[in-house]
Amino acid sequence: MSSKTKKKKKSKWYNWQPKREFSERNQKLIDEMNARPRDYSIMEVLSKWRMITYAWIVFFPPYGLYRVWCSESNFRRSEKFVWTFMIICYVAYFLKLILFS
């Protein structure tokens, strides 16, 4: 081996550039997004109502589904659809387990 050190080539995919300033329009959009209130805080997600609803979903899915869709519920529409689909899968698996065992 030669005693000369070989220079490593810089890879072409890595192109370091200094941090650029945002344009005025982009900075305005970023400020608007940061100023918006968040949809849910952790306390709302883990509220007493939701924790009880989660327990009903696990132990008695039909009543859990009722609690998800009732007017007092604070679940978002997308969450309601996801929970409904999960409960349908849960009940279908349970019925399959009972009927075909």
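Helices (H or I, at least four residues) and strands (E, at least two) are DSSP runs, numbered from the N terminus. The structure shown is a predicted model, in which local features need pLDDT of at least 70 and side-chain atom pairs count only at pLDDT 80 or more, whereas totals for chains, interfaces and linings use all residues. Residues are numbered from 1 along each chain as its sequence is written, and side-chain values use heavy atoms, with hydrogens and water left out.

**View 1. Thr 84 in helix H5.** Thr 84 is part of helix H5, which covers residues 77-99. Its relative accessibility is 18%, and Thr 84 therefore counts as buried; buried means under 20% relative accessible area, exposed over 50%, and partly exposed in between (1.4 Å probe, protein chains only). When neighbours within four places in sequence are left aside, Thr 84 is in contact with Leu 65 and Trp 69, contact meaning heavy atoms within 4.5 Å.

**View 2. The salt bridges of Glu 79.** The structure holds 2 salt bridges, a salt bridge being a side-chain nitrogen of Lys or Arg within 4 Å of a carboxyl oxygen of Asp or Glu. In one of them, the side chains of Glu 79 and Arg 50 meet at 3.0 Å, N to O. Because Glu 79 lies in helix H5 and Arg 50 in helix H3, this pair ties together parts that are 29 residues apart in sequence. Both Glu 79 and Arg 50 are buried. Glu 79 also forms a salt bridge with Arg 76, where the closest N and O atoms are 3.8 Å apart. The relative accessible area of Glu 79 is 18%, while Arg 76, at 35% relative accessibility, counts as partly exposed. Through shared partners, the salt bridges join Arg 50, Arg 76 and Glu 79 into one network.

**View 3. The crossing of helices H3 and H4.** The axes of helix H3 (residues 48-59) and helix H4 (residues 61-69) come within 6 Å and cross at roughly 150 degrees. Axes are lines fitted to C-alpha atoms, for helices over the stretch in contact, and angles run from 0 to 180 degrees between N-to-C directions. The crossing of H3 and H4 is left-handed, a term used if the near helix is turned anticlockwise from the far one by less than a right angle. On the H3 side, the contact residues are Trp 49, Ile 52, Thr 53, Trp 56, Ile 57, Val 58 and Phe 59; they meet Pro 61, Tyr 63, Gly 64, Arg 67 and Val 68 in H4. The residues of this contact divide into 9 nonpolar, 2 polar and 1 charged.

**View 4. Ile 52 and Arg 67.** Ile 52 is found in helix H3 and, at 37% relative accessibility, counts as partly exposed. Ile 52 and Arg 67 are 15 residues apart in sequence, and their C-alpha atoms are 9.2 Å apart in space.

**View 5. The chain as the setting of the close-ups.** The chain has 5 helices and 0 strands, and from the N terminus on its elements run α-α-α-α-α. Of the 101 residues in the chain, 15% are buried. Among the contacts in the chain with a separation of 6 or more, 42% are between residues 24 or more positions apart.

Note on methods: Ala, Val, Leu, Ile, Met, Phe, Trp, Tyr, Cys and Pro count as nonpolar, Asp, Glu, Lys and Arg as charged, and the others, Gly among them, as polar.
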